[in-house]
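Hello,

Here is the structure you will be working with. Please look through it first, then read the notes below.

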Amino acid sequence: MTLPLIIYRSLRQHALSTVVTAGSIALACGLLMSVWTVKTQSQAAFASTGSAFDAVLGARGSKLQLVLNAIFHLEASPGNLAYSDYLFIKRHPAVKTAIPIAVGDNLRGYRLVGTLPELFTDVELAPGKKITVQPGGRFFSADPAAKEAVAGSFAAEKLGLKPGDTFHPFHGLTFDEKNQHAETYTVAGVLAPTNTPMDRVIWIPLRGLQTMSGHDPRAATDVSAVLVQLRAPTAGFMLDLMYNKQGNRLTFAYPVGTIIAELFSKISWFDRVLELVAYLVALVAAGSVLASIYNSMSARQRDLAILRALGARRRTIFGAVVSEAAVIGVLGALAGYVIYFVLLGVVAGIIRTQTGVVLEVWRWQPVLGLCPLGMVALCALGGVVPAFKAYRTPVAQTLSPVS
Amino acid sequence: MLTVADLKKSFRSPEGEGVEIVNVAAFALAAGEQVALRGESGSGKTTFLHLIAGILAADAGRVAIDGAEMTALSESRRDRLRADKLGYIFQTFNLLQGHTVLENVVLGMSFGPRGADRAHAQTVLGRMGLGHRLHHFPRQLSTGQQQRVAVARALANHPRLVLADEPTGNLDRRHAREALTLIREVCRENNAALLLVSHDEEVLAQFEQRRDFAELNQAMKETAS
């Protein structure tokens, strides 16, 4: 009970500096954990999003743009490809599934993507994970004349769509109310959340999007991209050679995972800057533990001398000061969890809105244990210098003048 | 209980010269014995008590408490011996200002053999008339009450030897008398030896055994001559 009592009272006596120091530790800890979690979870989430398809075939251009457009429903389409190109790859013996998509319209900012019903019936997002609709709805009819749509869960939530609702699409990928199409679509169903960019999209039949009023009739059979599943990975290299090296008209983005990894490597400098900032904050926090306890040593020297005179050994005093620093670290780490959850909640919300990718805020990560432990150890280390000062307190000299 | 032999301590003056403060050839105290040392300010009596308590390391000589030779022990063992056998009442009380009255006494006990015995600490404080002030901080107490806390802290562990350095120096006459009576009473009950230093004649007059520290301390004699 002795040590906890000494530590508790000391922290109470220096409450302001304790709170300020613990606050800076909390900030460092929360920031470090958030940066790490956002980085790892978003990379994993983006990679798993692309894992449903091995490759994307599109117009000649950037592979990254093609993947972002076709799988993440971001960026503009690099161009169209003829329906015959779709048919060619669909019939290729190395290809297991080929799903065409067409883009070019939106509903109040949320993309309309034209596709075939096979996307919902034949494709698994992950092994055993099929795409389903929420109760009370169904996938759209294969007949484009029915003018039916299936809304992604996030888009439906934001637009307030439910089965039976009708809407007029707007032309273009960005919302402009002057560009409304005449067609009226009916919502047949809302997809169950997939936690992928599919949730941010309103799906309509491919033919419906191709023939939307106002679209160029010459391109009425074109598609924006083809999502491809291969029978074997080796086939990907063969098709890569065929489209990208030998041909000059189309782009075969393969493998999707590598292209996403390239995206992350392009923005990795941002992670590194954030990490660096967090490490600096952590160092400053540990330094402030050292400074705050060291500065309080002069005021506490008499108390320490009294404890020594009462029989406390030097190592007890040393331990008390190091433990006090560690306790400040523990308090900071606990507050760091609060900052982490708030920060991650905000960032996860932004990422979901912008990309449809969902980060799991409450999921346990090793960093959630390692980072606070590291901070506590760093704080304890910061307490060593003042602890030495306390250790060397001259008892007789401090307690009273020689009489 | 206490044996002091050829105990010497010097300090270095600001000019760099060695100044001998304590030089006591022999001094002894039996269990239960109560002795008052008369000494003026600056006579080295606090240093003498610090040397006995092992707070200061002696340059030469020996101090033995209850058979254990303090001067031959490592610092850590001196700390242990002090916690186990000694009660020290400081002139300026030396209470821990950030701790309550009860915590001051409990902390004082926690390094000794009894450990942090809150119930016993409460009993001792109750006996000092501080039962209603257990959770007050020293700054919330009168000087007399603070002194009683210091006494309670020194005596709570049933020490074999009590060192009291001008224990009534900051008290008015009435409180000084009360405090002194209490210290002597508890020491008698516990058969603890008491060595009290003071320059207050009224305090000294209460002791049957009185010694002049100036006579005891050869260093002072040499300085005077």
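This is a predicted model: local features need pLDDT of at least 70, side-chain atom pairs count only at pLDDT 80 or more; totals for chains, interfaces and linings use all residues.

Residues are numbered from 1 along each chain as its sequence is written, and chains are lettered from A and ligands numbered from 1 in the order in which they are written.

Chain contact. On chain B, 33 residues are in contact with 21 residues of chain A (C-beta atoms, placed from the backbone, within 7 Å). Helices α1 (45-53), α2 (75-85) and α3 (101-110) of chain B each supply at least two residues of the side that touches chain A (helices are DSSP runs of H or I, at least four residues, numbered from the N terminus). The most comes from α2(B), with six residues.

Helix pair. The axes of α3(B) and α5(B) (residues 143-155) come within 8 Å and cross at roughly 25 degrees (axes are lines fitted to C-alpha atoms over the stretch in contact, and angles run from 0 to 180 degrees between N-to-C directions). The two helices α3(B) and α5(B) are therefore roughly parallel (angles under 35 degrees). B:V101, B:N104, B:V105 and B:G108 in α3(B) meet B:V149, B:A152 and B:R153 in α5(B).

The histidine. B:H120 lies in helix α4 (residues 118-127) of chain B. Beyond its neighbours within four places in sequence, B:H120 contacts B:R114 and B:A156.

Regards

Notes:
Two residues are in contact if their C-beta atoms, placed from the backbone, lie within 7 Å. Angles under 35 degrees count as roughly parallel, over 145 as roughly antiparallel, 65 to 115 as roughly perpendicular and the rest as oblique.
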